[in-house]
Amino acid sequence: MADLAQLPDDLTPPIDDGAAGHLAGMAIPSVPLEATDSRTIDLSAIGGRIVLYVYPMTGKPGVDLPQGWNEMPGARGCTPQSCAFRDHFAELRALGVDAVFGLSAQSPEDQREAAERLHLPFVLLSDEQGAFRRALRLPAFELGGRTYLKRTTLIIDDGCIAKVFYPVFPPDRNAAEVIAYLAVGR
């Protein structure tokens, strides 16, 4: 069993394959997403500044990760990334972020379990059917017959993508990178 809160030392960093190059400047599409608090959220209808971190899958304690997960560049680290956004949530809000969301293709039930276990002060969104991924052409990868979203973080200002972080590595430092970007007034 893997310790989901720790990143192995020998992870292969992902490379910038250009799969997110088209995202900056795009309008967020109107796609309803189920949230961990049972609401349906349409990110295109939310004004202000949003930080949306997209990740492959949060592991569950006691459940093995998919075969090859640690060898897939950029797959491992969803729990440390979510915990970092949790731990820096107040700083993000102080820097003018109106909302933080995490998004993966996991089921709403799996998302709820993770949000509760990790004590997240924000909701996670499920794109289980892939509609949001397809609408934005988000970077993804296949493993074991499933499609997973590649780790990407978007800063969305009034429904438009203002900044893209891709590839994201190491994932536990992503929240600090977002804070550094926002702190210089961009």
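**Contacts and cores**

Modeller: Beyond its neighbours within four places in sequence, Leu43 is in contact (heavy atoms within 4.5 Å) with Ile28, Leu33, Ile50, Leu52, Phe101, Leu125 and Phe132. This is a predicted model, in which local features need pLDDT of at least 70, side-chain atom pairs count only at pLDDT 80 or more, and totals for chains, interfaces and linings use all residues. Residues are numbered from 1 along each chain as its sequence is written, and side-chain values use heavy atoms, leaving out hydrogens and water.

Biologist: Which residues have the most contacts inside the largest nonpolar core?

Modeller: In soluble globular proteins, nonpolar side chains tend to be buried together. A nonpolar core is a set of buried Ala, Val, Leu, Ile, Met, Phe, Trp, Tyr and Cys residues joined through side-chain atoms within 4.5 Å; buried means under 20% relative accessible area, exposed over 50%, and partly exposed in between (1.4 Å probe, protein chains only). Here the largest core has 26 residues, and Leu43, Leu52, Leu125 and Phe132 have the most contacts inside it. Apart from it lies another core of 24 residues, including Phe85 and Val168.

Biologist: How many disulfides does the structure hold?

Modeller: A disulfide is a pair of cysteine sulfur atoms within 2.5 Å. The structure holds 0 disulfides.
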